[in-house]
Amino acid sequence: MQPRLTTTISILSLSTVTGITTVITGIIPQLKRTFPTVPTTLIEWLVTIANCSALITLLLNPRLTSRWGLRPIVISGLLISAIMGLIPAITTNFTVIMVSRLGLGLGVGLFSPHAISLLTHSFTGDLRARLLGYQTGLSALGNAILLGLAGLLISLSWHAVFWLYGLLVIVAGGVAWFVPEPTVPSTTTNHARTEKTQLPRHQ
């Protein structure tokens, strides 16, 4: 039995926000004017620093999911990213903004790899193959829409662009309400137990 439509939409929504770290690309010129004493290279690092910190949680992800489960890690990652992403919307302290971007990356590293793994664990057959194909397109489409919205919000202020990270709360709510914890059989463990029972006894 395949999951419900709401579950499918909630899982696919993850793919639309995997590139959300880049939505602030267009506000770099405004940030340079707002922080004239900060080196240009450091301001540009606000975009890429999140991708660097995401590597930390990407590497830790297998251990974290094996201990706490895939669904809680995804929800936690989305909420951490939302909170950290929203902080620059209410502050003009460059150090705080930089630290929040580091925190944003840590959250993204928790949920982004599971945009695919949730599909593979939750669906089977031809539907899974189709959805995996849609996933790539949705990632590109989501990124384009987010950048388009960011372009509209720039006309208000550079702070307004950071409110886009509030969308992650909606995605987290969808996962929390409609996506169950995937059941992944531990074939390795079962195989080891089978082999253990077949070992001959020593007399």
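## Annotated spans

An unreviewed UniProt entry places the feature "transmembrane region" at residues 12-31, 43-61, 73-90, 96-119, 131-154 and 160-179; UniProt positions are given in the numbering used here, feature names are shortened, and annotations may be inferred rather than shown by experiment. The model is predicted, with local features needing pLDDT of at least 70, side-chain atom pairs counted only at pLDDT 80 or more, and totals for chains, interfaces and linings using all residues. Residues are numbered from 1 along each chain as its sequence is written, and side-chain values use heavy atoms, leaving out hydrogens and water.

Residues 43-61 are 100% helix and 0% strand, with end C-alpha atoms 29 Å apart. For residues 96-119 the end C-alpha atoms lie 36 Å apart, and the span is 92% helix and 0% strand.

## Fold and burial

The chain has 10 helices and zero strands (DSSP runs numbered from the N terminus: helices are H or I, at least four residues; strands are E, at least two). Of its 203 residues, 40% count as buried (under 20% relative accessible area, with exposed over 50% and partly exposed in between; 1.4 Å probe, protein chains only).

Among contacts (heavy atoms within 4.5 Å) between residues at least 6 apart in sequence, 81% join residues at least 24 apart.

## Nonpolar patch

Leu-141, Ile-145, Leu-149, Leu-152, Leu-167 and Ile-170 make a nonpolar surface patch of about 560 Å². Helices α7 (125-154) and α9 (167-178) each supply at least two of the patch residues, and α7 gives the most, with four.

Leu-152 is located in helix α7 and counts as exposed because its relative accessibility is 60%.

Patch members have over 30% relative accessible area and no salt bridge; like charges are joined within 9 Å, and nonpolar side chains (Val, Leu, Ile, Met, Phe, Trp, Tyr) within 5 Å. A salt bridge is a side-chain nitrogen of Lys or Arg within 4 Å of a carboxyl oxygen of Asp or Glu. Accessible areas come from the Shrake-Rupley method with a 1.4 Å probe; for residues, only the protein chains shown count as cover.
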